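Hi there,

Here is the structure I promised to pass on to you. Please open it beside this email, and then read on for what I found.

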Amino acid sequence: DVDPLSKVLEPPPDETPVQREARLRAEVQAKHVSDAIDEELERQRAVEKKGPRALKVLLLGQSESGKSTTLKNFQILYEHKSFKAERGSWKTVIQLNVVRSIHLILDAMSRAHAEAQARQSHSDYQPRLSQELLTLQMRLAPLLQVEQALTRRLTPLGCGESEATLLNPNSSYADRSKSFAKEIAINSSSPWKGAITRLFGGDTDAPSSNEHSNNWNDPNDPAVVLHACVQDMALLWNDPMVKKLLEKQKLRLQEMAGFFLDSLDRVTSLDYVPSDDDVLRARLKTLGVQNSMPWSPQRLIVPCQACLSIVSPYHLTRVRSEGTGVFLMWAGTERYGNAVLTVRSLLMFGIAAWVPYFDDMDAIIFLAPISAFDQTLAEDPEVNRLEDSINIWKYIVSNKLLKNTNIILFMNKIDLMKTKLESGIRFADFVVSYGLRPNDFENTSQYLRKKFGP
Ligand SMILES: Nc1nc2c(ncn2[C@@H]2O[C@H](COP(=O)(O)OP(=O)(O)OP(=O)(O)O)[C@@H](O)[C@H]2O)c(=O)[nH]1
Ligand SMILES: [Mg+2]
């Protein structure tokens, strides 16, 4: 009869005093988050009493499915002024995305190097990495410090996740690369955007508030280091040996979230201000529930139950609107005490815990990134991402508690889907039941519409 949720929340039996302190701190923080959400809901109720009823939409989907991106798209449509005001804060995220891509390359090189050395001890030694590459690797070392500085900038109040603080400068390179593979996550209630803006004296009414957010006289300023490293980064990314090595290790950086290596000159230039498209592409993992401000005077007109639509959040078209709209976004990953739960595990614990979020929603927009057919979940490498999306979707549409809620499916990331199919990745290799049908977007998307359908 043990409640599965409290079981997950139990502290581990061998908890050390340090872990205990961290857990209690996290719990206090979670309580703040929860109180802030309550306050926000209360505030919204007060607003609703005055004006027309706000339409509430919940964005739901596995991690990296595009919830934050969809929210950004709606922000572009309805709140362009505040979206523009936040561009300076996104610049820090984009810099972090660049550094992360470079690190993934450096890690891949280290792996190849280690492999070559192991082979050297056997017979004929063929150096795998050229001397230039080894030099580049050394010259790009300062980027590690940059990563820490950027992380601190994004988590000024300690509201980042432990992934962000794991990077201890005294740890070995191997340890650092291991922790680097993890993404930095920001709790959605964290005031990171505001904190950066305040830190640099940004004016939120200005069209691009943080153009002056860097100190060009400080050689340790992340933007200065990145600018100084731009040639080396470009040399590394364009090196044919690196290309081969990445291909061999099946690292397709271009398809990964937060890819900016093809725009290095632009995004590391001293006067760089992110464009709308850059902000859409910037990747920062969200934890926790995020509540948008009510947007007025527009409202989304949502179609009927379980409508199927194919859109790319990059190219949402304007929806006819009136009244006000509120979006609630549920992160792909949720933290409870010391346990990190995914949308999937939360659903398995029963929808009861979610009811406060679900029951007064007018609509749920479910994000299913169909391009993920050849990928597995970061939190569970055994589970195919597409299969996971289909399972959660079926759970949602068959849930009685949601029978009066409009449910909209966004089969998104279609641009990536097309690129993948065109590059020769075979859909049927991952979805066996697809059989011998043509490996093109038209047929695969048609097939998936049916798969998600009733
Ligand atoms: N190519 C492409 N990339 C997309 C699309 N939609 C989202 N992305 C990218 O996918 C990455 C992940 O999207 P997010 O919006 O951060 O995902 P999320 O669902 O909020 O993920 P969590 O915060 O981890 O729950 C981002 O870098 C986006 O730019 C799309 O339609 N096409
Ligand atoms: Mg997110």
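Asparagine 399 is partly exposed, because 15 other C-beta atoms lie within 10 Å. For this term, a residue is buried if 20 or more other C-beta atoms lie within 10 Å of its own, exposed if 12 or fewer, and partly exposed in between, with C-beta atoms placed from the backbone. You will find asparagine 399 in the loop between α17 (385–397) and β10. Its C-alpha atom is separated by 30 Å from that of alanine 46, and the two residues are 353 residues apart along the chain.

A word on the source: this is a predicted model, in which local features need pLDDT of at least 70 and side-chain atom pairs count only at pLDDT 80 or more, while totals for chains, interfaces and linings use all residues. Residues are numbered from 1 along each chain as its sequence is written, and chains are lettered from A and ligands numbered from 1 in the order in which they are written.

Now the whole chain. The protein chain has 19 helices and ten strands; these are DSSP runs, numbered from the N terminus, with helices being H or I of at least four residues and strands being E of at least two. Of its 454 residues, 34% count as buried. Two residues are in contact if their C-beta atoms, placed from the backbone, lie within 7 Å. Among contacts between residues at least 6 apart in sequence, 79% join residues at least 24 apart.

Next, a pair of helices. Two packed helices are described by the angle between their axes and the distance between the axes. Helix α7 (residues 143–154) and helix α11 (residues 222–238) have axes that come within 9 Å and cross at roughly 150°. That makes α7 roughly antiparallel to α11. Here axes are lines fitted to C-alpha atoms, for helices over the stretch in contact, and angles run from 0 to 180 degrees between N-to-C directions; under 35 degrees counts as roughly parallel, over 145 as roughly antiparallel, 65 to 115 as roughly perpendicular and the rest as oblique.

Which residues meet there? From α7 come Leu143, Val146, Ala149 and Leu150, and from α11 come Pro222, Val225, Leu226 and Cys229. The residues of this contact divide into eight nonpolar, no polar and no charged. (Ala, Val, Leu, Ile, Met, Phe, Trp, Tyr, Cys and Pro count as nonpolar, Asp, Glu, Lys and Arg as charged, and the others, Gly among them, as polar.)

Cysteine 229, in helix α11, counts as buried because it has 23 C-beta neighbours inside 10 Å. Leaving out residues up to four places away in sequence, cysteine 229 touches Leu140 and Leu143.

Finally, the record. An unreviewed UniProt entry lists residues under "binding site", including Leu280, Arg281, Thr286, Asn412, Lys413 and Asp415. UniProt positions are given in the numbering used here, feature names are shortened, and annotations may be inferred rather than shown by experiment.

Is threonine 286 buried or exposed? Threonine 286 is buried, with 22 other C-beta atoms within 10 Å, and it is found in strand β3 (residues 285–287). Asparagine 412 is in strand β10 (residues 406–412) and counts as buried, with 29 C-beta neighbours inside 10 Å. Lysine 413 is in the loop between β10 and α18 (414–422); lysine 413 is buried too, because 24 other C-beta atoms lie within 10 Å.

Enjoy exploring!
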